[in-house]
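Here is a short briefing to read alongside the sequence and the coordinates. It moves from one chain as a whole to an interface and then to two single residues.

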Amino acid sequence: MNTTDSTKAAAPAALQMPAVQPWKSLADPMVLLIAASFFTPLFFSEGGVSNFAYCLIWTFAAIGLAAMWGFGGILSFGQTAFFGLAGYCYGVFTINLGDSPLSTWMGVLSGLLLCMALACLLGYMIFYGGIKDVFIGIVTLSVTLVFETFMAQTAGPQWAIGSARLNGFNGMSSMPSLSLPGMGADNILLEGNYFLFMVLVMLMVVYLVTKKLLGSSFGLTLEAIRENPHRAEMLGIDIRRYQLLIFIFGSTLAGLSGILYTVWGSYITPSSMGLTASAMPIIWVAIGGRRSLAGAIIATVALLNLSQELVVYGSQYALVLMGLILLVVVMTMPAGLLPTLREKFSKQ
Amino acid sequence: MTLFTTIYSFLYQFGDSFAYLTLSALGLAVIFGMMGVINLAHGEFVMCGAYITILTAKAGLPLPLAMLTGAMTAACVGAILEYLIVRHLYNRLFDSIVATWAVSLITQQTMLIFAGPSIEGLSTPFGSFELGDYSFSTYRALLPFFAITVLAALYLLFFRTNYGIYARATIQNAQMAKCLGLRTSRIYSMTFALGAGLAGLAGALYAPTITAVPTMGSSFIVPAFVTVVTGGANVLLGVLPAAGFLGFIQSGMTAAFGQLAGQIGLLITVIFVIRLLPKGMGHLFNRR
Amino acid sequence: MNKIRRIAIACALTLPVSLAVMAADPVKLGLLEDQSGNFSLAVIPKIHATELAIEEINAKGGIMGRPIKLIHYDTQSDNTKFQEFARRLIQVDKPDVIFGAFSSASREAIRPIMDKAKQLYFYNNQYEGGVCDSNVFVTGAVPEQQFSTLVPWLMEKYGKRVYTIAADYNFGQISAEWVRKIVKENGGTMVGEEFIPLSVNQFGQTIQNIQKVKPDFVMTLLVGNLQSAYFEQQAAANLNLPMGSSIQVGQAYEHKRFKPPALKNMYVTPNYIEEVDSPASNDFKKRFRAKFPNEPYISQEAANAYDAVYIYKAAVEKAKSTDMVKVRKALEGGGICTDGPQGKVCMDPKSHHMSHTIYLAHVQDDHSIKFPKVWNDIQPYWLGQAGCNLAAKADYSQYTPSSPPKK
C-alpha cells in the first residue's frame, strides 16, 4: 500500500491515472455539475437559459481541442474549419430534405460524417506526411482560411446544393430546429428548455466518452507520444495512427459544435471560420488548462459569459478589459485556471 | 518593347508580392523563428511603426527619418513588452499565444478609443513611371530592393557582429551560453526588440500605401506566419526562398486567374510545401 | 439681462415637459451596432446620429409623451455577438423596436431571430437590396437608387467602356450585377470585371489589368479598411481614370482619410454626405457637431440612422401605439415621411424601403466635393416591380436580380 501511494505521489499530476471503475466516474464533479445544470430552467429566465445553452454549444470544440492539444500535443487551428463545414452540411441537408425529425437528425449525422472524412484526409496528409509541431498549426490555419475565403465568395445563384444556396458572406439561414418524434402529428421541437436538455445530454455523453478514451490505454499511449515521440516510436508504437485518430476525434467534436450553433441561430456564415474565430478555442483551452477536460468546459462557458457581461457593463472598454483579464490569468496561472484552483483547494 | 513590358510587369508584380511577404515575415522570423515565441501581437508592432511614421512625417520630419523613428519606437515597445510579459513565458511557449493575443486585443481597442477609428495617411512618395501601356509606382518598384537590403543587413548583423554570435549561441543553447558567461536575459531582450523593430519597419515602409486604422496589422499576420513557417527554423536561409517561392505562386495565380486564385493559391501552396518539406524550405539549404 | 431672462424662461417652460416625459413609461429602442472592431469606423457616426435624434425627440416631449430609452449593445463587428445580443434584447430587455447592423452578414444573422420573435426591426444602412421581410424596414439606399442615377451619367460624360472592381461577396457581386445591367441597357460595354476577396490589400495586378484594357471609367465597389488601400495605390501608379461608386466616400469617408489626390475624380451617389450645402443639411450638421464636436465625418449612414428614428416616431404616432403589429400596419399604410438632412423622404409600403434624395458627389483634386447633379425622390422601385408587396402579402426573404420573387 505504502509503495503505491508514494509512486502515485511521485508521478506528475498530468499522468495520474483517472478512475477506471465506472461508478467512480459518476462521482466526478463535472458530471454532477452537468446533471445539476438540468435544473437551471427553474432558477433562470428564458433568456438566461437560452444564453447558457448557447455557451454550452462551444464546449464540444473546446473538449476536442483539449483532447488533441493537451493529450496529443497537436495544436490545430482547424477547429473552426470543421465547425463551419459541419454547419453548412447540416444546412444543406435540412434545407433540401425538410424539417422532420428524421431529416434533421440525419443532417446532424451527415455533418459529423463529413467532418470525420475530411479530418481523416487532412490528418493523413499531415501525420503520415511527417508534419510536426507548429507546422501542423500553420497547415490547419491555411486550410481554415482557404475554406473561409472560398465560402465568402459563393454569393451567386450558381453556388447552390439542391435548393440550398450557399449565399457566400451573407451566410446561409432558415435551417429548421432539431426535433424528436412526438405523439400524433406534432413533433417535439427541441427549442428553449428542450434545446438545453439536449445539449446537456450530449455534453454528458461526450465528456464521459472522452474521459474514458483518454484514460484508457489509447489515452496513455497518446500522452507517451506527446512526452517523447522518439521514445514512443522506438517502443514500437505507430505514432501517426494515434495522432490521426485523436485528430479525427477532436475535429469531429468541433463539427458537433458547428451543427449545434447552426441549429441554435438558424444561421451559418464564413466569418465563423476566420482567424479570430479559430483562435478562440485555443484561448479557452489554454485558460482552462490544456490537460483538463473539465477546465476546457468551464473556461469556455465562463469566458463567453464574461465577454457578454463586459459588453453590457463595459461598453467600448469591453475588449480592453477582456484582454487584461486573459493576460492576468495566463501570467499568474501557468497550468491553466482549473488545475491551479484544484491545486489551491487540495492543499487546504 | 511589348515583350520587355510584359516581362517587366510580371517581375514588378512578383517583386511586389515578394516584398510584402518578406517584410511582413522578418520581424516574426526573429521572434518566432529564432525564439519560438508565437507572437500574435505581430500586427500591432506593424501598426505601431506605421502610426508613428505617419504622425512624425506629418509633424515635419522627412519621410526616411520618420520611418526610422517608427521602427525604433516599435523596437522600444517590443523591449517593454518583453520585459513585462514575454520574459516570463520562455519556458511555456504555448502560453505566449494567449498572452500576445491579449496584448493585441488591448492595443487595438486602446488605439481605437484614444486615436479614433483612423488617421489621415501619407501619399506614396517618388511618383510613377511608364513603360508601354502600363504605369508603375516607383516606390513600390523599389520595395523589393528594400526588402533584400534589410535581409542583407540582418545577415551581416547575425554573422559578422558580436551580438550576432551571442544571439545565435543563446538561441541554440541558452544554458551553455549562460555557462560561457553571456547575459542571456539581455540578449533575449535585444532580440525581441529587434524583431519588434523589424515589424515596425514593415509598417513604416507600407504606411504610405495602405489605410491607417487600428486593425491595420491584421493583414500582415497571415503572410508573416505562413512565410516564416514555410521557410523553416533558420530565419535567414528560410525567409528568402519561402517568400520568393510563395510570392511567385501568388503573383502568377493573380495574374492568370484573379485575386481570389492568388489568395487561395498562396494558402494551398503553403500546405503542399510543408507536406513535401516538413522542416521548411530552409532545411534544404541547411547543411549543419 | 435680456438673454439671461430668455434662457430662464426657456428652462422654466421645458422643465415641466421634461419632468412629464421622464415620468412616463419609456419607449424602448434597442440598438445593435459595432462600436469597436473592423466596422467601427463607419458605424460610430450611425450610433451618434441615433443618440442625437433620440435626444432631440425627448427634449420635445418624446413619442406621444413617452421618452425614448436607448439600449445599446456593442456588437464588436462580430456576427456571433449580433446573434447573442439580439436574443438578449428580445428575451430580457423586450424593446419596442430594434435598430442595427452594418454588414449584410450581421443583418442576415439576426433577421431569423427577428422573424421568429416577430420583432420590428430597422436596418439603417445601404446594402445590396432585396430584403422583402414583413418585420424589417430599411432606411438605407439600394442599388437601383444609386446606380440607375450614377452609371448613365458617367457613361454620358466619359464613355461607354466600363471596368468594375468589386468586393468578392454578396454586396459586391450583386452591385456588379446591377452595374452590368445598367451599362448594357445604356448601350455600353463591360470591358472587365474583377472580384477581390475581402482580405486583399495589395492591388498591383488589378491596376495593371485595368491599364491593359483602357476603360473610360472604373466602377469601384470596394468594402472595408483593407480594400480601400486601392485608392492610394492606384494614385501612386498614376492610373488617372475617373471612378464611380455607390459606397465609397459616403460610408467610410476615404476622401478624408487618404491624402489628395488619391480619390480625385471619384463620383459617388450617396443619399447624403456632410458636404451637402442645403439649409436642412447645414442645420443638421450644426446640431450634430454641437453634440459631437470631434465627429470625424457625418456620413450617409448617419443621416439614415437619424431619419430612421423620426420615421419610427411618425409611425407610432399614426398607429397611436407602440404595439409592433400596429406600427407595422401604420408603415404599410403609406405616407410615413420625415424631413431630415436630405430633405423629405418616405417609407414605401410595398417594399419597406425608403425613397431618397440622391446627390452626385464629385471628389476634386484637393478632396473637396462638388455636386454636379441632385436627383429628388428616387423610389426603391425594384422589389415592388419584382413582385414584393408586403402590404398585401407577408414574406421573410432576401431576393436578388438573378433570383427574384416567384410570381
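The model is predicted, and local features need a pLDDT of at least 70.

**Chain C: overall form**

- The radius of gyration of chain C is 22 Å.
- A compact globule of 407 residues would have a radius of gyration near 22 Å, so chain C agrees with that expectation.
- The C-alpha trace of chain C spans about 70 × 60 × 35 Å along its principal axes.
- Of the 407 residues in chain C, 65% are buried.
- Among contacts in chain C with a separation of 6 or more, 69% join residues 24 or more positions apart.

**Chain C: surface and charge**

- Chain C has an accessible surface of about 14000 Å².
- Carbon and sulfur atoms account for 54% of that surface.
- Chain C carries 46 positive and 41 negative side chains.
- The centres of the positive and negative sets in chain C lie 3 Å apart.

**Interface between chain B and chain A**

- In this interface, 37 residues of chain B are in contact with 38 residues of chain A.
- Together, chain B and chain A bury about 3400 Å².
- Carbon and sulfur atoms make up 84% of that buried area.
- B:Val98, B:Trp101 and B:Ile271 supply 17% of the area that chain B buries against chain A.

**C:Ser106**

- C:Ser106 sits in helix α4 of chain C, which covers residues 104-116.
- Is C:Ser106 buried or exposed? Its relative accessible area is 1%, and buried means under 20%, so C:Ser106 counts as buried.
- Leaving out residues up to four places away in sequence, C:Ser106 touches C:Asn79, C:Phe82 and C:Ala101.

**B:Thr170**

- B:Thr170 belongs to helix α6 of chain B, residues 162-172.
- The relative accessible area of B:Thr170 is 1%, so this residue is buried under the 20% cut-off.
- Which residues does B:Thr170 touch, not counting those up to four places away in sequence? They are B:Ala177, B:Leu182, B:Thr184, B:Ile187 and B:Tyr188.

Technical notes: Residues are numbered from 1 along each chain as its sequence is written. Chains are lettered from A and ligands numbered from 1 in the order in which they are written. This is a predicted model: local features need pLDDT of at least 70, side-chain atom pairs count only at pLDDT 80 or more; totals for chains, interfaces and linings use all residues. Side-chain values use heavy atoms; hydrogens and water are left out. The radius of gyration is taken over C-alpha atoms; the globule rule is 2.2 Å times the number of residues to the power 0.38. Buried means under 20% relative accessible area, exposed over 50%, partly exposed in between (1.4 Å probe, protein chains only). Contact means heavy atoms within 4.5 Å. Accessible areas come from the Shrake-Rupley method with a 1.4 Å probe; for residues, only the protein chains shown count as cover. Lys and Arg count as positive and Asp and Glu as negative; His and the chain ends are not counted. The place of a charge is taken as NZ of Lys, CZ of Arg, CG of Asp or CD of Glu. Buried area is the accessible area (1.4 Å probe) that two parts lose on being put together, summed over both. Helices (H or I, at least four residues) and strands (E, at least two) are DSSP runs, numbered from the N terminus.
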